[in-house]
Amino acid sequence: MSYARIIGTGSAVPERVLTNHDLEAMIDTSDEWIRSRTGIERRHIAATGETTADLGECAARAALAAAGVKPQELDMIIVGTTTPDLVFPNVGILIQERIGANGCAAFSCEAACAGFLYALSVAEKFIRLGEARRVLVIGAETLSRFVDWTDRSTCVLFADGAGAVVLAPSEETGILKTHLYADGRYKDLLYFPSGVSKGFDSLKSGKDFVQMRGNEVFRIAVRELSRAAVRILDEAGIPGSDLDWMVPHQANLRIIEAISKRIELPMERVVVTIQEHGNTSAASVPLALDVAVRDGRIQRGQSLLLEAFGGGFTWGAALLRF
Ligand code: ACO
């Protein structure tokens with residue numbers, strides 16, 4: 001059987017860094033509170049005019065270079081994002097045109113923080129079915145655009161960035177399994193209140209920002225991500241303690257620690273970049289993956305568990321050999 005395998009990774013973050021101390025000067029918060037409750041120390045924020053496609057393009061170019069794949073060889077581009085440049089054309093098409101991959105399929109996957117995992121799962125199926133040979137999967141966000149910078153309960157969390165992988169068919173083991181989930185009963189716990197069809201009336205009420213009931217999100221994220229991690233490992237017959245690495249969604253260090261404890265994987269084998277990047281939503285997993293590949297922690301042939309959780313709720317897990 002042929003697998004879909006990651007043959008290159010890339011990432012990009014905006015130049016501007018916003019530290020917890022910078023936030024202390026803007027809102028009633030403290031470095032100590034943010035570090036101890038979330039694990040975040042600093043984050044990258046897009047410059048005026050810098051967009052999701054800009055960051056996605058940089059990550060895509062880096063992943064293509066690492067994979068040794070020319071843009072013209074791509075059969076498909078899928079972008080996980082909740083912060084597209086435009087309603088349409090989708091971010092995948094904007095990136096396709098910039099890198100010169102014209103003609104290949106290109107679309108976005110809108111599943112909040114789980115967007116990259118949804119995109120990866122779709123890409124994997126095309127490759128395994130033999131309908132695509134080179135697929136670029138990107139997670140890219142400019143969340144700083146939809147945050148209320150006076151709301152201390154959300155603005156300390158979210159940030160900007162992008163990560164990308166190139167997938168190709170391989171006889172060697174690659175992606176073993178992906179599991180995707182969604183539960184709309186929780187739609188009111190984390191959402192953005194306006195849109196093209198519903199309208200932008202909330203602008204007038206000053207509520208045109210991400211809305212989150214953090215405590216409840218936290219509780220359900222721990223429960224569902226733990227269940228998802230256990231289920232995918234059980235199905236594959238791999239004990240969590242045998243994994244080489246978990247590359248989790250970087251939303252809250254305490255969520256990550258709870259999952260690592262649940263699957264009995266020591267934190268030394270968990271990739272944590274939240275201190276540098278904050279929560280970059282769909283970008284968070286591929287960004288963390290690329291950091292750990294480039295600094296040499298993740299090596300070829302190692303077993304990885306990826307997982308993410310976001311608004312909707314949407315969540316998912318992927319088990320693979322790198
Ligand atoms: N600085 C200082 N104090 C703060 C801040 C802040 N930035 N934010 C909130 N507080 C205060 C609150 O007002 C509250 O004060 P009170 O006790 O006087 O009322 C106190 O701190 C505790 O607030 P909680 O909300 O209970 O704090 P908690 O420990 O739950 O941490 C947090 C909040 C970090 C948001 C946490 O709940 C969390 O991470 N939730 C999950 C978020 C998440 O995972 N999202 C994932 C999906 S994201 C996506 O899809 C885009």
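## Exercises on a predicted model

Pro89 sits in the loop between strand E4 (76-80) and helix H4 (91-99). The model you are looking at is predicted.

**Exercise 1.** Find out which residue Pro89 is joined to by a cis peptide bond.

*Solution.* Start at Pro89 and look at its bond to Phe88: this peptide bond is cis, with omega at about -5°. Next, go to the loop between strand E12 (303-310) and strand E13 (314-321), where Phe313 is placed. Here a cis peptide bond joins Gly312 and Phe313, and omega is about -10°. Most peptide bonds are trans.

**Exercise 2.** Work out whether Arg134 has a salt bridge or none.

*Solution.* First locate Arg134, in the loop between helix H5 (115-128) and strand E6 (135-142). Then look for the nearest side chain of opposite charge, which is Glu73, 4.5 Å away. A salt bridge needs the side-chain nitrogen within 4 Å of a carboxyl oxygen. Arg134 therefore has none, although Arg134 is buried. Leaving aside neighbours within four places in sequence, its contacts include Ile7, Val69, Leu74 and Pro169.

Methods. Residues numbered from 1 in each chain as written. Predicted model: local features only at pLDDT ≥ 70, side-chain atom pairs only at ≥ 80, totals over all residues. Heavy atoms only, no water. Helix = DSSP H or I, 4+ residues; strand = E, 2+ residues; numbered from the N terminus. Buried < 20%, exposed > 50% of the residue type's maximum accessible area, 1.4 Å probe, protein only. Lys, Arg positive; Asp, Glu negative; His and termini not counted. Contact = heavy atoms within 4.5 Å.
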